[in-house]
Amino acid sequence: MTPRPRRGAVAAAALAALAAVAGCGERPTTHHRPGSDHRPVSGTVSTPGPAHEHGGHRTRDVPAAGAPAVRLEVRRDSESGWNVHVIAERFTFTPESVGGAALPGTGHAHLYLDGEKIARMYAPWHHLAPAAVPPGPHTLTVRLSADDHTIWSVGGKPVEASAPIEGEGGGGATAAAKADETITVRIAGGRVSPPPGRVEIAKGRRVRIEVTGDKPDTVHVHGFDIERALTPGTPAVVEFTADRTGLFEVETHDSRLVLTQLVVR
Amino acid sequence: MPYGPGGEVLAHGVGARHDLPIPAFYAFAGAFAALFVSFLGLAVLWAESRFRGREAGRALPYGVQRAADARGTRLTLRALGLLAGGFTLAAALFGPDDPDRNPAATFVYVLFWVGLVPASLLFGPVWRQVNPLRPIHLALARVTGRRADREPPRWLGYWPAALGLLAFTWLELVAPEPAASASILIWFGGYAVLHLAGALAYGPRWFDRCDAFEVYSALIGRLSPLGRRSDGRLVVRNPFDGLDSVAPAPGLVATVCVMLATTAYDGFSDAPAWVNTLQTAAIGPVATGTLGLLAAVAGVSLLYGLCIGAAGLIGGRGGNLAGFAHSLVPIAVGYLVAHYFSLLVIEGQRAFILASDPFGTGLDLFGTAGLTVDEAAVSPGVIATVQVVAIVAGHVLGVVAAHDRSVRLFPAAKAVAGQIPLFVLMVCYTLGGLTLLLAA
């Protein structure tokens, strides 16, 4: 009589979290750095290289002296996924002029996982959702790009930096190693998928619930009284130890939807 | 903490925790016991009616009766009822509109509504002693000079009570925000106006038959070992005699069916399938829930009507619908205990904690404001055991009461065959109740 939950089918939904992160980065500067005035980029200074060479983008060479440089840091987030930090020198993020002409020392960054482009960055910080990285070891790479989407390069080699990253699968990333049970729920148009079911959990186990919604809302785990803000496109992650027995509902506040029921015994 | 600050829909008005589905073994053991007792009952129970209703009972000493009937006792109970009602009203009016901090919702849905069941089981029709509407009516009657004292129309029977119970369970189980102060104030405001008007028209006898909570308490109280004999003496009696004294009246079957069906709906409304139906239905969750609640009442009533009809055909006395209504009371009480036992034991604690600070001002009236609810007060095993025992005990009591009534109503030769449809009915209710505990 009781429909059993259908789990894990929706992990891909979390990919929506990879929408470009803009905003709180560096403010555009009105000061021109050396060698970055408004002259059109010309001949010897920066020559577009062969097309489709680097993730579908041509390179644009600049002299080694005064060329931008980049480092990449990947930190695990305390709740979900990773925070990616791009430390660029002699380089300014210019999201407001993207699509325009290439100006040395300006542009945006591209993020690649094992050579596959997964995000464009308009600011030095980017949150990487757990579902973006499949299980196992991978390489995360950042390249600096000009406003015209050519990749800045020195001597034909892209200005880039890489860092290892370890995906842990099942839609759960860092914390999934600790979570014994992961529940993924998606809300779209007032419908919950998979439809609300019951998840049996042994008392004392770690539970992780990932909710993706299309409207701002609040996710509430009854009984454990945990709330998380839900923003469209970004999975809200609730993780806790099921240390009380009973049947508890996971609900949203504004849309008043029951997402799933936890049967803890 | 059990309530969402957003005031989202909560089970039975309050409480964040639902009971676990019972282990399958408990359900099967309960079902087996119920079936076994039913057939054993058919074979070995007495052939002559034994229960004597209001004639039965062993009188308590006069001293006890005098103390119970004393004016002081009655006035104290009245004052307590008024005090508790006034306290709840004040908290709902002036306290924070957050059931997490306001005691009103817990008072109404746990202490009052659920607490009435054990109180009535122990002491009989307690609500008529504390019902705050009675003293308010007396005061109004004095002020207006309308001192009516006559019997409400017979055809009205228990129908106002049945409708009142249905309306209250609708508030508890279907209304969008059952725990919000506004919901409680509007509902009880309307209820008080209606019943005070009825009482002004007919006098205090209006409450005996038409006040939903008095009727509820009185019906459950028939199972109490304490009762009043026909000669007015306070007696200790066999609960079966108390049950036998339920007098058939219009709306009695409806009242019992509402008790049974709304409790069943409460269990069913936890089932993921119904949760999903509620939130995907095009007509919205409130309309869907209302239809579901009405369908549950209709289903339970229809089953009763069919089985009583069949019993009448077999036994040779058709049409006596209310003749067996009393035998459903223990089954309904079994459902109530099964569904609300843990709520009373666990959420009931919260009433005493929240009562210390009714207005959210940092008061600590009773020194309990800093306590927390002990969720482990009863283990899941204890809850499951209580649930199954309550359902099966209700079934056994119902079977015995129905047997005694059928040997009285039907000619001896047809009494056993005549009660088979009733056994079928009770087995249906009992297996249905166990299924709800197991799977919903």
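Two residues count as being in contact if their C-beta atoms, placed from the backbone, lie within 7 Å. With that in hand, colour chain A: among its contacts between residues at least 6 apart in sequence, 68% join residues at least 24 apart.

Before going further, some housekeeping. This is a predicted model, where local features need pLDDT of at least 70 and side-chain atom pairs count only at pLDDT 80 or more, while totals for chains, interfaces and linings use all residues. Residues are numbered from 1 along each chain as its sequence is written, with chains lettered from A and ligands numbered from 1 in the order in which they are written.

**Stop 1: chain A, overall**

Switch to colouring by pLDDT, the predictor's confidence in each residue, from 0 to 100. Chain A has a mean of 76, and 75% of its residues reach 70 or more. Select residues 1–54 of chain A and you'll find pLDDT below 50; this stretch still has 116 contacts in the model beyond near neighbours in sequence.

Now try a cartoon view. Helices (H or I, at least four residues) and strands (E, at least two) are DSSP runs, numbered from the N terminus. Chain A comes to 0 helices and 20 strands.

**Stop 2: strand 20 of chain A**

Select residues 258–264 of chain A, which form strand 20. Is this strand mostly covered or mostly open? A residue is buried if 20 or more other C-beta atoms lie within 10 Å of its own, exposed if 12 or fewer, and partly exposed in between, with C-beta atoms placed from the backbone. By that rule, 6 of the 7 residues of strand 20 of chain A are buried, so it is mostly covered.

Next, look at its partners; two strands pair if DSSP finds at least two bridges between them. Strand 14 (residues 198–201) of chain A runs parallel to strand 20 of chain A, joined by 4 bridges, and A:Arg198 stands opposite A:Gln261. Strand 19 of chain A pairs with strand 20 of chain A in the antiparallel sense over 6 bridges, with A:Gly246 opposite A:Val264. Zoom in on the hairpin of strands 19 and 20 of chain A: 5 residues lie between the strands, and A:Arg256 takes a positive phi near 55°.

**Stop 3: across to chain B**

Stay on strand 19 (residues 246–252) of chain A, which also pairs with strand 1 of chain B, antiparallel over 2 bridges. Here A:Leu247 has B:His18 as its bridge partner.

Show both chains: 22 residues of chain B are in contact with 27 residues of chain A. Which helix of chain B gives the most to the side that touches chain A? Helix 14 of chain B does, with 6 residues.

**Stop 4: two helices of chain B**

Select helix 16 (329–354) of chain B and helix 17 (residues 380–409) of chain B, which pack at an angle of about 170° with their axes 7 Å apart. Axes are lines fitted to C-alpha atoms, for helices over the stretch in contact, and angles run from 0 to 180 degrees between N-to-C directions. Angles over 145 degrees count as roughly antiparallel, under 35 as roughly parallel, 65 to 115 as roughly perpendicular and the rest as oblique, so helix 16 and helix 17 of chain B are roughly antiparallel to each other. Among the residues making the contact are B:Tyr335 and B:Phe341 of helix 16 of chain B and B:His395 of helix 17 of chain B.

**Stop 5: helix 5 of chain B**

Finish at residues 116–123 of chain B, where the buried residues of helix 5 include B:Leu116 and B:Val117. Helix 16 of chain B is one of the elements covering the buried residues of helix 5 of chain B. Just after helix 5 of chain B, B:Gly124 takes a positive phi of about 90°.
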